[in-house]
Amino acid sequence: MSTWEVRSGCTTGCAAHAVPRVPFTETARRCATFAHAAGRALRDGERMAEPARLRAHARAVLGSIGVRLVIETAEAGEAGETAEAGQAGEAAGTGRTAAGAAGLSVPAARPRGTLVVANHISWLDIPALLAVEPVTLLAKREVGDWPLVGTLARRAGTRFIDRDSPRQLPATVASLAELLRSGRSVAAFPQATTWCSVAYGAFRRATFQAALDAGAPVRPVTIAYEQHGLPSTVAGFLGDEEFLSSVRRVLGASGLTVRVTVHPPLLPHSGAHDRRALAERARAAVITGPVPVRTGQALGTYL
């Protein structure tokens with residue numbers, strides 16, 4: 001492990017079903033439906049990155065494996081609108097209304113994108129965010145090598161970074177700031193690795209410097225998983241687990257819901273805020289309740 005690599009205290013042992021698994025026949029059906037949904041997205045080629053298509057594909061992928069998407073808005077610390085995206089992709093109904101009304105991007109008088117920052121638990125976090133609003137994703141280089149999902153991520157316009165190379169950090173921050181200045185909204189996972197719970201993990205600060213440099217708003221987002229209303233770690237993609245192993249566990253999960261809570265934006269001002277303060281404010285918005293930091297993830301300045 002390099003000096004700059006981030007490791008969480010979570011392992012594959014943290015990921016577990018909160019309720020009994022679905023029958024094998026249902027798992028097999030989901031596997032076939034998932035392959036079909038992913039195949040449709042791949043056949044779209046470069047057109048997959050078009051916002052309407054990308055949102056539809058993301059919702060179809062979630063629905064194909066029985067994952068229910070719930071979108072919530074939080075205003076000034078209070079619960080706001082709640083909506084569900086249907087499990088049939090485009091039959092999302094109220095989910096689309098909520099996403100369009102709240103969204104992830106913050107309207108601006110001048111061209112500026114929004115830096116969306118979320119906690120990181122699972123590979124499912126990616127389609128969950130894209131199902132709310134198709135933003136440009138910032139992901140670690142290894143994601144591009146994952147079976148199927150890596151190809152889908154590249155087609156979706158994901159920007160990959162090498163977290164093992166700190167020398168590339170200034171260029172990465174500059175590139176991210178330029179994207180935000182151009183009006184493109186970008187979603188990042190500043191914990192730089194996955195954790196089994198919303199409550200764990202420090203936020204890396206470098207992405208927040210890009211928001212300050214660009215004068216872009218920051219939108220904190222909380223991603224949480226539950227099964228039949230019970231908190232669940234089953235979706236966790238943790239430690240050294242192989243990607244396909246995590247997929248198999250998710251395929252067998254009963255009543256899995258991903259809850260995406262969109263918090264009020266933070267409006268940074270150069271000179272009034274620094275990246276440390278901005279990262280701490282975003283983390284406080286994302287993480288509710290006690291905020292423990294497990295051994296293995298000290299505060300740092302890298303992505």
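Phe-34 is buried, with a relative accessible area of 10%; buried means under 20%, exposed over 50% and partly exposed in between, for a 1.4 Å probe and protein chains only. Trp-123 also counts as buried, at 3% relative accessibility.

This is a predicted model, in which local features need pLDDT of at least 70 and side-chain atom pairs count only at pLDDT 80 or more, while totals for chains, interfaces and linings use all residues. Residues are numbered from 1 along each chain as its sequence is written, and side-chain values use heavy atoms, leaving out hydrogens and water.

Rings of Phe, Tyr and Trp (its six-membered ring) pair if their centres lie within 6.5 Å; planes under 30 degrees apart count as stacked, over 60 as edge-to-face and the rest as tilted. The count comes to 4 aromatic pairs, including the two in the table.

| Pair | Centre to centre | Angle between planes | Class |
|---|---|---|---|
| Phe-34 and Trp-123 | 6.5 Å | 55 degrees | tilted |
| Phe-203 and Phe-208 | 6.4 Å | 20 degrees | stacked |

Both Phe-203 and Phe-208 are buried. Phe-34 and Trp-123 belong to one aromatic cluster with Phe-237 and Phe-243.

Leaving aside residues up to four places away in sequence, Trp-123 touches Ile-65, Trp-146, Phe-237, Phe-243, Ser-246, Val-247 and Val-250, where contact means heavy atoms within 4.5 Å. A nonpolar core is a set of buried Ala, Val, Leu, Ile, Met, Phe, Trp, Tyr and Cys residues joined through side-chain atoms within 4.5 Å. In the largest such core, of 80 residues, Trp-123, Leu-124 and Leu-129 touch the most other members. A second, separate core has 6 residues, among them Cys-10, Cys-196, Tyr-200 and Leu-238.
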